[in-house]
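Subject: Structure handed over, with notes

Dear colleague,

Please read the notes with the model open beside them.

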Amino acid sequence: MPTGGPASRYGCAVTAALLTDKYELTMLSAALRDGTADRTATFEVFTRRLPRGRRYGIVAGTGRLLEALGEFVFDDAALESVSSFLDPTTLAYLRDFRFRGDIDGYAEGELFFPGSPILSITGTFGECVLLETLALSILNHDSAIASAAARMVSAAGGRPLIEMGSRRTHEQAAVAAARAAYIAGFSGTSNLEAHRRYGIPALGTSAHAFTMLHTTAQHGVGESERAAFRAQVDALGVATTLLVDTYDVTTGVANAIEVAGTELGAVRIDSGDLGVLARQVRAQLDQLGATDTAIVVSGDLDEFSIASLRADPVDSYGVGTSVVTGSGAPTASMVYKLVEVDGISVQKRSSRKESQGGRKAAMRLSRPTGVVVEELIHPISGTPTPAEPFRRLTIPLVRGGRPVSDCDLATARALVASGLQSMPWEGLALSDGEPAIPTRRVPSP
């Protein structure tokens with residue numbers, strides 16, 4: 001492994017500035033050579049369309065991006081790794097590089113729609129072009145996770161969800177996914193690094209392996225399961241959650257209450273027809289006097305299976321694969337496009353890949369009842385004053401290279417919750433359809 005570079009939080013050498021693509025640096029090199037690198041430029045992050053089946057998106061990753069800006073520097077190891085294809089002038093530029101521009105955009109936790117100016121990055125062309133891959137890799141990943149998680153939160157109808165997908169994704173992506181799911185409304189995560197780094201509540205007790213560990217030649221399955229439950233209760237107390245489906249659910253529930261008593265916190269079901277089993281287990285728990293023992297279900301859940309369980313006596317859900325993979329939408333389809341140079345509007349005209357020129361801001365219009373009806377995108381220099389109630393979406397995030405917005409997770413969670421509550425009811429549907437609200441552009445004067 002090459003030496004040098006800052007150590008990551010778990011030992012491997014990672015240089016934030018190299019979390020990018022080669023063509024960002026070769027464009028910089030060419031711009032330095034022809035004298036255009038210092039021209040004032042604005043790049044915009046937006047999505048042309050939502051993934052199929054989605055009617056809204058959730059902005060997530062803004063806080064991680066602002067943190068990464070301070071780490072986006074080219075040390076000796078980074079410079080050595082790119083020296084084979086860059087000239088001395090470009091290497092000298094990178095050695096002194098710090099982003100010193102401005103960033104405006106949507107707060108973390110805001111809803112977004114096609115065309116929403118999610119992020120607006122202004123500075124010299126040289127410093128802005130270097131941020132493309134970093135911005136898109138963070139925002140596309142985290143926003144896809146948060147958008148999928150928000151649909152699950154809506155489907156759960158107020159019941160808690162636990163993010164438990166660490167074993168289904170890259171180890172560092174697992175931490176970012178836990179953060180994004182928490183912003184969208186999940187109650188906690190199984191991932192301990194997300195707990196340490198972001199203060200997200202850590203949840204979880206045991207797996208099937210712990211129950212199976214207690215199997216012995218002298219005792220049958222029932223006694224082995226009781227021994228496992230007894231060990232867990234002795235260690236964690238009766239408020240714990242016992243996994244009851246390793247062998248037989250009905251027997252497992254009986255063993256759980258026999259060992260823990262009727263004050264047992266919860267039982268978890270991880271396989272089978274979860275709706276049928278939840279009803280059976282609820283009846284059994286009530287008959288045994290454990291009326292306050294909750295039922296947790298897990299096992300390949302997504303927003304559709306969660307919605308199908310709304311009428312069943314499920315108290316909380318554990319979600320893994322479908323949330324860390326964005327529930328079939330691995331990207332939020334965001335792009336990073338140049339929209340202004342030295343105050344002159346520029347735009348891309350390629351078929352199906354068009355961009356709208358000029359620096360922009362946005363506001364969201366609503367009825368007096370608070371239900372949103374439209375997103376209005378306007379030139380940043382000409383803010384309209386609609387007759388309808390409205391809320392401005394674009395806020396300052398970075399000034400002179402320094403973050404000026406506090407991306408607090410509690411604030412982001414509240415923003416997601418209020419955003420979902422303000423949408424028209426049809427916008428929360430899980431079926432295919434148009435975006436929950438339309439976006440309208442006000443042309444430049």
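Isoleucine 118 sits in the loop that runs between β4 (111-112) and β5 (119-124), where strands (E, at least two residues) and helices (H or I, at least four) are DSSP runs numbered from the N terminus. With a relative accessibility of 1%, isoleucine 118 counts as buried, a word used here for under 20% relative accessible area, as against exposed for over 50% and partly exposed in between, with a 1.4 Å probe and protein chains only. Once residues up to four places away in sequence are set aside, isoleucine 118 touches Val45, Phe46, Val59, Asp104, Gly105, Tyr106, Phe112 and Met334, contact meaning heavy atoms within 4.5 Å. Between the C-alpha atoms of isoleucine 118 and valine 233, which are 115 residues apart along the chain, the separation is 48 Å.

A word on conventions: this is a predicted model, in which local features need pLDDT of at least 70 and side-chain atom pairs count only at pLDDT 80 or more, whereas totals for chains, interfaces and linings use all residues. Residues are numbered from 1 along each chain as its sequence is written, and side-chain values use heavy atoms, with hydrogens and water left out.

The average pLDDT of the chain is 93, and 95% of the residues score at least 70, pLDDT being the predictor's confidence in each residue, from 0 to 100. Over residues 1-11, however, pLDDT stays under 50, and the model has 20 contacts beyond four places in sequence for that stretch. Where pLDDT is low, the predicted coordinates should not be read in detail.

Turning to the sheet, seven strands form an open arrangement in the order β13-β12-β1-β5-β3-β17-β18, with antiparallel pairing; two strands are taken to pair if DSSP finds at least two bridges between them. The edges are held by β13 (344-345) and β18 (402-403), each with a single partner strand, so that one side of each has no neighbour in the sheet. Strand β1 (residues 40-47) is joined to the antiparallel strand β12 (residues 334-341) by seven bridges, with alanine 41 standing opposite valine 341 and threonine 47 having methionine 334 as its bridge partner. Six of the eight residues of β12 are buried. β12 also pairs with β13, in the antiparallel sense and over two bridges, and here valine 341 stands opposite isoleucine 344. The hairpin of β12 and β13 has two residues between the strands, and aspartate 342 takes a positive phi near 50 degrees in it.

In helix α4 (residues 88-95) lies threonine 90, which is buried at a relative accessible area of 0% and whose side chain makes a polar contact of 2.9 Å with that of aspartate 87. A polar contact is a pair of N or O atoms within 3.5 Å; within protein, one must be able to donate a hydrogen and the other to accept it, and residues adjacent in sequence count only if both atoms are side-chain atoms. Apart from neighbours within four places in sequence, threonine 90 is in contact with Leu25, Leu28, Ser29 and Leu32.

In α15, the buried residues are Leu409, Ala412, Leu415, Val416, Gly419, Leu420 and Ser422. The exposed residues Ala410 and Gln421 are carried on the face of α15 turned away from its buried side.

With best wishes
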